[in-house]
Structure formats: C-alpha cells, structure tokens
Amino acid sequence: MASRMILGAIKKRPVLFPAFPGTSISSSRYGSTLVVAEHEGGAVKPPSLSALAAATCLPDNDSSVSLLLAGSGPSLHQAASYAASCHPSISQVLVAESDKFKSPLAEPWAKLVHLVQQKGGYSHIVAASNSFGKNVMPRAAALLDVSPITDVTGISDSHTFVRPIYAGNALCTVRYTGANPCILTIRATSFPVSQKSDSKSNEASISQVDLSTFDEADLGKSRYISQTSQDDERPDLGNARIVVTGGRALKSAENFKLIENLAQKLGAAVGATRAAVDAGFVPNELQVGQTGKIVAPELYLAFGVSGAIQHLAGMRDSKVIVAVNNDADAPIFQVADYGLVGDLFEVIPELREKLPEKK
C-alpha cells in the first residue's frame, strides 16, 4: 500500500487541520500542484474552487498551482479567463480543448490527467470529492500506478492528511509514502472558498495542453448519452446557504410539498433522507448523506429526520442544525444546535406563517 493509517481519533465533526510549513518529507519536486477542475457557464464550479483552496494549504508549494480545465467552445475560454484571476496562488491555467472532454466520462479525463502529469511532473494532483472527482481520479491514479487518498478533510503537511471513516464518526490521519504524484480528492465543505481576486496583477498565464500525443483510439467502452436535471429556481443543494430536509415521517410525496414550500419561502435548497428517496417522495439527486450529497450550509433544518448515522455523515458540518421530530430520543437531537419535539405537520405551517415574505 502506498499510504498507511497512523492515528484514529473520535470526533463529533471533521475539523480542518492547518498546514505546518516546517513539516514535510523529502520529495523530488515541490511547488507543483495540479488542480483538476470542472467548469460551467463560463466559471469554475464551487467544488473545484474548494479543491483549489485545499491545494493552497499544501506547504512548500511556492505559490505554484496549475489548474486544468477541459472541454470546448466559448464557455471553456470564459472559464479559463475566470480561473486566471480567481486566486493569486494559480500560476498557470492549462486548457485542453477537445470535444472528448465535453462530457464527464472517466476514460478520456483520466488519460488527460495522465498526459498532463507526464509532461508536468506534479507532486500533488487535487480534485473535489464529488461525483466528477470520484469518477475520474481513481482511474487516473491507476494509470499513474499510485494509491489515491480520498475524501480528505484536513491537511497536516505535504504528505499527511485527515479523512473521515466509519461514516464520519472517526477521523484517521493518513501518511502518504508512495511515489509522486500524491493524488487527493477533498471534501469541499471542509475547505472554504476565498473571495475572487480583483487584482489584474494576479492573473495567471493560460496555456493550451498539447494533445497531439493523446491517444483517442483507446478511450474505453463508456458512451455519454445525455444529462437530465430539474429546472427550478431553488439554490443548488451542494452550495446552498440554507437547506431544508425532510424524512420518511412526511409519509408521501404530496406531504413533501410542505418542505418545498418552506424552502421556497426561505430561499433554501431542498434535501431528503435516503428513506424519503427510496419511498419515492423526491428524486435521488436531493438525497443528503453518506451515499448522497455532503452539505455544510449556514443553516440546516431537518423535519422528521431520525438522524441515522449515514445521514449525519452528510450534514454534520452544517454551521447551525435545527431539528424537529416527535421522538425525543431521535439521534438527530445529539448533533442539533436547536431541537423541537413536536409534530412537523403542525410546526411547518406555523413556521411558514411567522416567516416574513421573501423580497
């Protein structure tokens, strides 16, 4: 194994460990971190910006961070221009322009990371631990013959990282002892995104990746068919400031509209437990938990959520947790900052009535 566990520690919530500049192990190259990023609508996606924030926590990087974007069309070039000035630590933006990268298939993206690593010799490759990162980075690690460290929540030094285990009920410290590159996927909620820099003097260079040696003949058997999503005005669940979540106690899809109406009045995103998703109340993209989305909003409202360990793993980093449940012994109250034992069918309408209209 290229990585080994050093220490396990029980924690209520994962904590971001600061980097210690004086602590590192010998490496053939420092100052060479590559961030594999996603973009949409001419901007870098927030989880990738969190990956960039994690990259800046790596000591001895000499403020040299490269950001890799791929795709085609005007949106790619707009995202590259955005990335060039979004953070002073970015030294260059690498752009791979090809229709092969328009879809998030693991095979072409992993081969691209492999190609860029062969040319750049990076000591670290970082991506967000979302569906994109979980899909691409393990395959890229296999091509590079290294062992990735996934779901990192803290960085102690260049080769020592903290990640949750046992559904977030324990944190382990892992030390990477393999060859370069050290591949990381990071939990976006553990690395806050800094504000976009307005200084033109901080603009990084933009370079095209040479794809002349990119072998398109062996890109695997996967084919991209289509992507469907629900069009609504609610904030994205993964990045919302407020999340309102409902559980199986709502009993039906019709009753779940209580959650949706409350979220609309708060300008919040809607979440659900796995039990509510499995019961068919809402689509699975709204699931919060170990096998769903990891969220850390400023305010998390849980109605009829018992607090199963798998659900807590996806929301326990929330700044303020408010729980409403008719069972006083529900595990959700152990992590809640504010709890109310009551009938959600009475509490939600009363809460909506007392809330001011959203302007």
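# A chat about the chain and its parts

Guide: The secondary structure of this chain comes to 8 helices and 18 strands, and the model is a predicted one.

Visitor: How much of the chain counts as buried?

Guide: Of its 359 residues, 50% count as buried. As for the contacts in the chain with a separation of 6 or more, 72% of them are accounted for by residues 24 or more positions apart.

Visitor: And helix H1, is that enclosed or exposed?

Guide: Helix H1, residues 46–56, is largely enclosed by the rest of the structure, because 9 of its 11 residues are buried. Among the buried ones are Pro-47, Ser-48, Leu-49 and Ser-50, together with Ala-53, Ala-54 and Ala-55.

Visitor: Which residues touch the most other members in the largest nonpolar core?

Guide: Those are Val-36, Leu-69, Leu-112 and Phe-161, in a core of 64 residues. A second, separate core has 22 residues, including Phe-256, Ala-268, Val-270 and Leu-301.

Visitor: Staying with Leu-112, what does it touch?

Guide: Leaving aside residues up to four places away in sequence, Leu-112 touches Leu-68, Ala-70, Ala-96, Phe-101, Val-209, Leu-211 and Phe-214.

Visitor: Where is Glu-97 found, then?

Guide: Glu-97 is found in strand E6, which covers residues 90–97. The C-alpha atoms of Glu-97 and Leu-211 are separated by 8.5 Å, although the two residues are 114 apart along the chain.

Visitor: What does the Glu-97 side chain make a polar contact with?

Guide: Its partner is the side chain of His-77, at 3.2 Å. Glu-97 has a relative accessible area of 36%, so it is classed as partly exposed, given that this class lies between the 20% and 50% limits.

Visitor: New topic: is Ser-158 buried or exposed?

Guide: Ser-158 is buried, with a relative accessible area of 0%, and it lies in the loop between strand E9 (154–157) and strand E10 (160–165). From there, the side chain of Ser-158 reaches the backbone oxygen of Pro-59 at 3.3 Å.

Visitor: Now the backbone. Which peptide bond is cis?

Guide: The bond from Asn-180 to Pro-181 is cis, with omega near 5°. Pro-181 is found in the loop between strand E11 (170–176) and strand E12 (182–186).

Visitor: What about phi of Asp-145?

Guide: Phi of Asp-145 is near 60°, which is a positive value in a residue other than glycine. Asp-145 lies in the loop between helix H4 (131–144) and strand E8 (149–152), and at 70% relative accessibility Asp-145 counts as exposed.

Visitor: And Asp-151, buried or exposed?

Guide: Asp-151 is buried, since its relative accessible area is 17% and the limit for buried is under 20%. Phi of Asp-151 is likewise a positive value, near 55°, but Asp-151 lies in strand E8.

Visitor: Last one: how many residues line the second largest pocket?

Guide: The lining has 26 residues, and Arg-248, Thr-273, Ala-275, Gly-304 and Ser-306 lie nearest the pocket's centre. The second largest pocket holds about 440 Å³ of space.

Technical notes: Residues numbered from 1 in each chain as written. Predicted model: local features only at pLDDT ≥ 70, side-chain atom pairs only at ≥ 80, totals over all residues. Heavy atoms only, no water. Helix = DSSP H or I, 4+ residues; strand = E, 2+ residues; numbered from the N terminus. Buried < 20%, exposed > 50% of the residue type's maximum accessible area, 1.4 Å probe, protein only. Polar contact = N/O pair within 3.5 Å; in protein donor to acceptor, adjacent residues only side chain to side chain. 1 Å grid on protein atoms, 1.4 Å probe; cavity = no way out; pocket = protein on both sides within 12 Å on 5 of 7 lines; lining within 4 Å. Points joined across faces, edges and corners; volume = space filled by probe spheres on them. Core = buried A, V, L, I, M, F, W, Y, C linked by side-chain atoms within 4.5 Å. Contact = heavy atoms within 4.5 Å.
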